[in-house]
Amino acid sequence: MRWAVIQFPGSNCDQDAFHVLKNVLHQDVSYVWHKDSSLNGADAIVVPGGFSYGDYLRCGAIARFSPIMSAIKEAAAAGKTVLGICNGFQILCEAGLLPGVLVRNTSLHFRCETVPVRVEHPASRFTGDYMTGQVLNLPIAHGEGHYVADEATLDSLFLNKQVLFTYSDTQGRNVPGANPNGSQRFIAGITNREGNVLGLMPHPERASEKILGSADGLGLFTSILASHGTPLAQAA
Amino acid sequence: MSDPAITPELIAKHGLTTEEYQRIKDILKREPNFTELGIFSVMWSEHCSYKNSRLELRKFPTTGPTVLVKAGEENAGVIDIGDGWGIAFKMESHNHPSAVEPFQGAATGVGGILRDIFTMGARPVFLMNSLRFGDIRPDKPNAATNRRLLAGVVSGIAHYGNCIGVPTVGGEIYFDASYDGNPLVNVFCLGTLKTNEIRRGAATGAGNPVFYVGNRTGRDGLAGAAFASRDLTEDSKADRPAVQVGDPFIEKLLLEACLELFQHPEAVVGVQDMGAAGLTCSTCETASRGNSGIEIDLALVPQREPGMTPYETMLSESQERMLVIVKAGHEETITKIFEKWDLPCAKVGHVTDDGFMRVKNHGVTVAEIPAKQLADEAPLYKREATRPASLDERQKLDLVSIPEADIQASLTQLLSTPDLASKRWVYRQYDHMVRVGTVTNPGSDAAVVRVPTGENSWKYLAASVDCNAHYVAAEPKLGALIAVAECARNLAMTGAEPLALTDNLNFGNPHNPENFYMLQQAVDGLSEGCRAFDIPVTGGNVSLYNQSPAGPIDPTPTVGIVGIIRDAKHITPSHFQNSGDAIILLGNIGDELGASLYLREIHGIKRGRPPELDMDCEKKLHEAVRSSIRLGEILSAHDLAEGGLLVALAESTFGAKKLGATITLDSSSRLDALLFGESQSRAIVTTRPENASALVELLNLRGVPARRIGTVGGKDLTVKVSGPTPREFSWDVAALHKTWDGSFDSYLS
């Protein structure tokens with residue numbers, strides 16, 4: 001399958017996502033510049049982390065006007081896989097592909113650390129290789145990862161199984177001390193109603209090789225591969 | 001607006017002496033105008049010219065088989081790491097700006113060192129920093145100010161590093177009243193490059209166009225280099241306009257655009273960032289290196305605001321700007337790339353062959369100075385050096401009059417001090433994982449980072465920054481030597497062999513002979529350390545005039561050493577790994593308490609001679625640890641530093657599993673000296689129990705004193721000391737960890 005990693009000015013996790021796809025999972029992956037209008041027929045699109053447009057005005061608020069965004073919207077509507085990580089999640093929310101917004105962490109500090117993240121259910125194209133309640137060690141690195149939506153939206157996200165990941169303690173419990181940014185209902189990652197667009201604050205690409213301390217994020221990529229009917233690529 | 005007349009007052013205000021002014025007139029063969037006076041004043045400031053320190057810096061060993069670019073040759077030195085790859089790295093200070101505006105001061109410090117690295121053609125892959133502040137504990141004087149400075153500096157570093165996407169993987173922070181009002185912010189950056197793609201900063205080829213790329217020039221950072229070359233005073237707040245304002249987003253674009261441009265070697269003749277002294281420094285230095293001249297017209301410089309005078313434009317230190325000398329005929333290559341990245345890019349002049357730096361404004365010449373004499377022939381001073389009388393007094397220590405403190409409570413108290421407590425509050429504000437290279441988390445003895453050398457091929461580097469300024473203040477040469485030894489020791493513990501060193505010399509006003517003595521001695525100590533380990537100094541920075549009205553800072557010659565671990569499987573952690581592993585102490589039992597953390601924190605005594613250092617023993621220790629690691633014998637290794645043996649043992653229990661240990665010691669020396677003394681050349685390592693006696697034997701054979709002192713396991717750290725009066729102590733590891741982990745937060749909340 002073909003992957004595209006989008007590069008906005010200020011993206012800085014683009015090369016990390018590219019590395020995991022290319023060198024760890026041996027995928028056909030290419031960069032797509034934000035001023036382009038075509039995704040070159042990619043089956044899956046990664047909107048990577050970073051500080052697109054310096055995060056000026058509001059995280060992701062300017063990136064959504066980039067020319068490539070209309071192609072991403074079309075791909076999402078056509079059922080292609082779209083994965084927004086960190087700043088990518090913020091961009092997808094700003095672009096209206098995902099509900100809600102991400103605001104300043106309640107601590108008001110940027111926070112970078114590896115945190116336990118609970119898998120809510122495996123019935124999605126992003127979590128097929130995980131188990132319900134499985135606790136993953138995933139790095140976070142953001143100043144604005146506090147997920148906010150109105151109560152009705154939050155209810156429907158859970159009801160429709162759009163919440164794939166929540167912050168938890170190491171036992172998988174959503175206890176107060178386990179919420180690194182104040183996200184409502186501990187939300188770490190959600191999909192759109194159709195289930196083909198995922199946004200999450202944790203960085204699975206930073207946890208895809210054992211030498212970096214955790215390979216728990218690799219399952220997210222292998223789940224996508226499996227859902228596209230691609231035989232599991234050999235992990236390094 | 002007409003330029004002010006050149007008066008003795010104006011000359012003095014520019015920090016130039018009468019003799020220096022005469023020298024300027026001799027060079028120009030006439031009186032300088034206002035713009036030229038400004039240009040000379042920044043180029044001949046200590047910050048740019050090292051006029052007070054250069055004679056000392058010549059003592060450093062700077063050559064070696066792996067040195068590709070020597071110290072002082074370019075913006076940063078370059079070291080060969082094999083397989084066609086090199087590393088460019090350097091440390092630089094932003095102390096003065098951070099004192100008056102901590103957030104922007106620290107942020108632009110990061111921005112500046114990043115540019116020094118990518119100017120060389122290297123992609124920056126990690127950052128570290130070394131910070132000093134006054135005490136932050138609520139009961140200490142100036143604590144609120146010090147906390148504000150710390151919080152501002154940390155968020156400034158985070159702001160810049162996080163946004164540009166270069167991980168901050170490690171560093172050190174220490175606190176002492178001598179830094180009240182004059183914090184130290186030393187930032188280290190390392191980048192990787194192919195050895196055949198090193199970029200140089202020389203302007204050659206008369207007629208080649210000179211391009212200005214990056215941020216527009218504004219009125220920020222006016223004469224920042226001159227500001228950094230005088231004492232901080234009560235009035236320094238008025239110097240805020242000398243502090244630059246950083247934009248990491250623009251720098252990220254500039255970085256990517258430059259690296260893209262460098263992929264067209266046929267189009268690029270030379271490149272130099274605009275750091276200290278901005279356009280002035282970059283134009284005259286590139287011309288000087290190229291043995292050429294350069295001519296620019298300021299009307300062509302992209303400007304943020306109208307009406308800037310030539311003086312302001314030449315002295316502005318606006319950030320995120322570069323000067324690129326392009327091969328004539330290849331102008332389109334550069335304009336296309338910078339257009340893609342939406343960055344200002346303008347041809348502002350050309351290379352000449354008359355040796356002059358000629359600055360025009362709308363075609364009218366406003367400055368005309370021989371480039372080489374401006375850039376390279378600043379006056380050099382051999383400053384007077386006098387050993388401070390206070391040194392002998394400071395070294396006096398009457399241990400008999402100092403009672404042995406409560407050992408049980410002392411360990412907990414030491415672990416809660418700002419110097420020793422976990423710096424998680426700090427490093428979790430830094431993105432330390434971006435670029436998927438960080439192998440050990442911040443807080444380890446040394447940072448270990450895998451750096452890419454081609455597609456899916458890596459080299460494993462270890463890096464550490466270090467300086468115990470208390471030692472330097474008590475005996476500068478020995479203190480500086482220990483800084484090198486300890487930094488290299490940190491590397492050895494991870495399995496790395498040292499490659500090269502960068503330094504940041506933070507000292508007080510050099511016109512004071514006592515301050516200058518400290519600098520001179522410290523340089524001697526660093527040089528001796530480098531020669532002993534056979535590593536070159538590849539560059540660095542000198543920051544003088546670090547003094548507030550209360551006096552100079554403790555002399556702080558910070559060193560950064562980069563090493564290489566040849567095989568990923570030799571990367572060694574610092575925490576205990578398995579229950580049952582044998583704990584071996586390498587080095588002597590040790591009992592030196594002079595200048596120790598224990599005396600400072602528990603007894604309030606800042607005295608004594610630093611521990612002695614035998615470089616031969618030190619080197620044998622490093623060699624023995626490395627070779628045992630390569631043999632697969634060592635499961636964890638941690639060096640002994642501040643707080644001595646007991647603190648090192650406690651820190652070793654703070655791994656993910658919080659494994660305790662039982663230790664048995666046999667000693668007749670006083671207990672606090674045994675447990676908290678800071679004798680050098682020591683480490684604790686663990687090995688599988690069945691290998692313990694063989695390892696001890698092997699280490700002894702290699703000339704390293706070694707003895708098994710205990711076993712890993714349990715939830716407590718228990719220490720039994722036999723002797724005339726046997727003693728036993730025990731600490732709950734979870735409780736110790738809680739104190740260590742939470743104290744720093746408690747000082748800041």
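Biologist: Which domains does the domain assignment of chain B give?

Modeller: This is a predicted model, and the bounds that follow come from a domain assignment for chain B. Domain 1 takes residues 1-60 + 200-378 and domain 2 takes residues 63-198 + 422-571, while the assignment also gives domain 3 (385-418 + 573-749).

Biologist: What distance separates the centres of domain 1 and domain 2 of chain B, and how many residues of each are in contact?

Modeller: Between these two domains of chain B, 41 residues of domain 1 are in contact with 46 residues of domain 2. When the centres of domain 1 and domain 2 of chain B are taken over C-alpha atoms, the distance that separates them is 26 Å.

Biologist: Which helix gives the most to the side of domain 1 of chain B that touches domain 2 of chain B?

Modeller: On the side of domain 1 of chain B that touches domain 2 of chain B, at least two residues each come from helix H5 (54-57), helix H9 (224-227), H10 and strand E8 (268-273) of chain B. Sorted by class, the residues of that side of domain 1 of chain B are 15 nonpolar, 12 polar and 14 charged. The element that gives the most to this side, with 8 residues, is H10(B).

Biologist: At what angle do H8(B) and H10(B) pack?

Modeller: In this pair, His159(B), Tyr160(B), Cys163(B) and Ile164(B) of H8(B) meet Pro248(B), Phe249(B), Glu251(B), Lys252(B) and Leu255(B) of H10(B). By class, the contact of H8(B) with H10(B) has 6 nonpolar, 1 polar and 2 charged residues. H8(B) passes H10(B) in a right-handed crossing, and with their axes 8 Å apart the two helices pack at an angle of about 35°.

Biologist: Which helix gives the most to the side of chain B that touches chain A?

Modeller: The contact of the two chains takes 25 residues from chain B and 22 residues from chain A, and the elements giving two or more residues to the chain B side are helix H8 (143-164) and helix H10 (248-262) of chain B. That side of chain B has 12 nonpolar, 6 polar and 7 charged residues. With 4 residues, the helix that gives the most to it is H8(B).

Biologist: Why is chain B said to be as compact as a globular protein of that length?

Modeller: Chain B has 26 helices and 27 strands. Its C-alpha atoms fill a box of roughly 90 × 55 × 45 Å along the principal axes. The globule rule gives 27 Å for 749 residues, and chain B is as compact as a globular protein of that length because its radius of gyration is close to that value, at 26 Å.

Biologist: What percentage of the residues of chain B count as buried?

Modeller: Among the contacts in chain B with a separation of 6 or more, residues 24 or more positions apart account for 83%. Helix H23 (residues 644-652) of chain B is mostly covered, with 8 of its 9 residues buried, among them Leu645(B), Val647(B) and Glu651(B). Of the 749 residues of chain B, the share that counts as buried is 62%.

Biologist: Is Cys48(B) buried or exposed?

Modeller: Cys48(B) has its place in helix H4 (residues 46-49) of chain B. Its C-alpha atom and that of Gly275(B), 227 residues apart along the chain, are separated by 9.9 Å. A residue needs 20 or more other C-beta atoms within 10 Å to be called buried, and Cys48(B), with 23 such neighbours inside 10 Å, counts as buried.

Biologist: In which hand of crossing does H19(B) pass H20(B)?

Modeller: The axes of helix H19 (residues 476-494) and helix H20 (residues 513-533) of chain B come within 7 Å and cross at roughly 35°. By class, the contact of H19(B) with H20(B) has 12 nonpolar, 4 polar and 3 charged residues. The crossing in which H19(B) passes H20(B) is right-handed.

Definitions and conventions. Residues numbered from 1 in each chain as written. Chains lettered and ligands numbered in written order. Predicted model: local features only at pLDDT ≥ 70, side-chain atom pairs only at ≥ 80, totals over all residues. Contact = placed C-beta atoms within 7 Å. Nonpolar A, V, L, I, M, F, W, Y, C, P; charged D, E, K, R; others polar. Rg over C-alpha atoms; globule rule 2.2 N^0.38 Å. Buried ≥ 20, exposed ≤ 12 C-beta atoms within 10 Å, placed from the backbone. Axes fitted to C-alpha atoms, helices over the stretch in contact; angles between N-to-C directions. Left-handed = near helix turned anticlockwise from the far one by under 90°. Domains from an automatic or database assignment.
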